[in-house]
Amino acid sequence: MARSDDEFVEFVQASSNRLTHAAYLLTGDRHQAQDAAQTAFTRTYAAWSRVRRNDAYAYARTVLINHVIDGWRRPLREYASEEVPERPTSQDVAQAVTQREWLTSALARLTGRERAVVVLRHFFDLPEQAVADELGVSVGTVKSTNSRALAKLRVAAGPEDVLIGGSGR
């Protein structure tokens, strides 16, 4: 008995994240994983009338694994062209080391709580409420501590220092 397109849509919605994650674990590249998962769904849809109800995910998984292994066996071939692709600009290692050293020493001047708030808020990009929950303090304490710590970092930077991102702010 053939299943309808609606059932296939439900199958894709239910298994897309899991199959894409499995593809990522196989390929190590997000874009290749998405392409591989799409290929697996396309081939599964082509055989949808033959795929038994309980084995749809197993079939798609097998198609995915076979597709990825085929890619390993027959890697994508590149063809020469007249134009050389743009090369990424090389990072100035000395500047990166200097900036990292400056940041480490500037953070060392902060209190432990100020350092924790700055790292949680700006490195991990957590909202104020999450930082407050993590540190066991109020949101107001997070706001004031963050403000005080950033003011100290601005003073430590001085007008002559160039911060990460090329801004002297």
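## Asn 146 and its surroundings

Asn 146 touches Val 117, Val 118, Arg 121 and His 122, with residues up to four places away in sequence left out of the count. In this predicted model, Asn 146 belongs to helix α7. The residue has a relative accessible area of 10%, and Asn 146 is therefore classed as buried, the limit being under 20%.

## Overall architecture

The protein contains 7 helices and 0 strands. Followed along the sequence, the order of elements is α-α-α-α-α-α-α. Of the 169 residues in the protein, 25% are buried.

The accessible surface amounts to about 12700 Å², and carbon and sulfur atoms account for 52% of that area. When contacts between residues at least 6 apart in sequence are considered, 61% of them join residues at least 24 apart.

## The crossing of helices α5 and α7

Two packed helices are described by the angle between their axes and the distance between the axes. For helix α5 (residues 112–123) and helix α7 (residues 139–157), the axes come within 9 Å and cross at roughly 95 degrees. Angles of 65 to 115 degrees count as roughly perpendicular, and α5 and α7 are therefore described as roughly perpendicular to each other.

On the α5 side, the contact is made by Arg 113, Glu 114, Val 117, Val 118, Arg 121 and His 122. Helix α7 contributes Thr 141, Val 142, Thr 145, Asn 146, Arg 148, Ala 149, Leu 150, Lys 152 and Leu 153.

In one of them, the side chains of Glu 114 and Arg 148 meet with an N to O distance of 3.4 Å. Glu 114 lies in helix α5 and Arg 148 in helix α7, so this pair ties together parts that are 34 residues apart in sequence. Glu 114 is buried, with a relative accessible area of 3%, whereas Arg 148 is partly exposed at 44% relative accessibility.

Glu 114 also forms a salt bridge with Lys 152, for which the closest N and O atoms are 2.9 Å apart. Lys 152 is in helix α7 and Glu 114 in helix α5, so the pair ties together parts that are 38 residues apart in sequence. With 36% relative accessibility, Lys 152 counts as partly exposed. Through shared partners, these salt bridges join Glu 114, Arg 148 and Lys 152 into one network.

## Ala 37 in helix α2

Ala 37 is located in helix α2 (residues 30–46). Its relative accessibility is 2%, and Ala 37 is therefore counted as buried. Apart from neighbours within four places in sequence, Ala 37 is in contact with Leu 19, Thr 20 and Leu 64.

## Glu 7 in helix α1

Glu 7 is placed in helix α1 (residues 5–27). At 23% relative accessibility, Glu 7 counts as partly exposed, because the partly exposed class covers values between the buried limit of under 20% and the exposed limit of over 50%. Glu 7 and Trp 48 are separated by 41 residues in sequence, while their C-alpha atoms are 9.8 Å apart in space.

Definitions and conventions
Residues numbered from 1 in each chain as written. Predicted model: local features only at pLDDT ≥ 70, side-chain atom pairs only at ≥ 80, totals over all residues. Heavy atoms only, no water. Helix = DSSP H or I, 4+ residues; strand = E, 2+ residues; numbered from the N terminus. Buried < 20%, exposed > 50% of the residue type's maximum accessible area, 1.4 Å probe, protein only. Contact = heavy atoms within 4.5 Å. Areas by Shrake-Rupley, 256 points an atom, 1.4 Å probe, with all protein chains shown as cover. Axes fitted to C-alpha atoms, helices over the stretch in contact; angles between N-to-C directions. Parallel < 35°, antiparallel > 145°, perpendicular 65-115°, else oblique. Salt bridge = Lys/Arg side-chain N within 4 Å of Asp/Glu carboxyl O.
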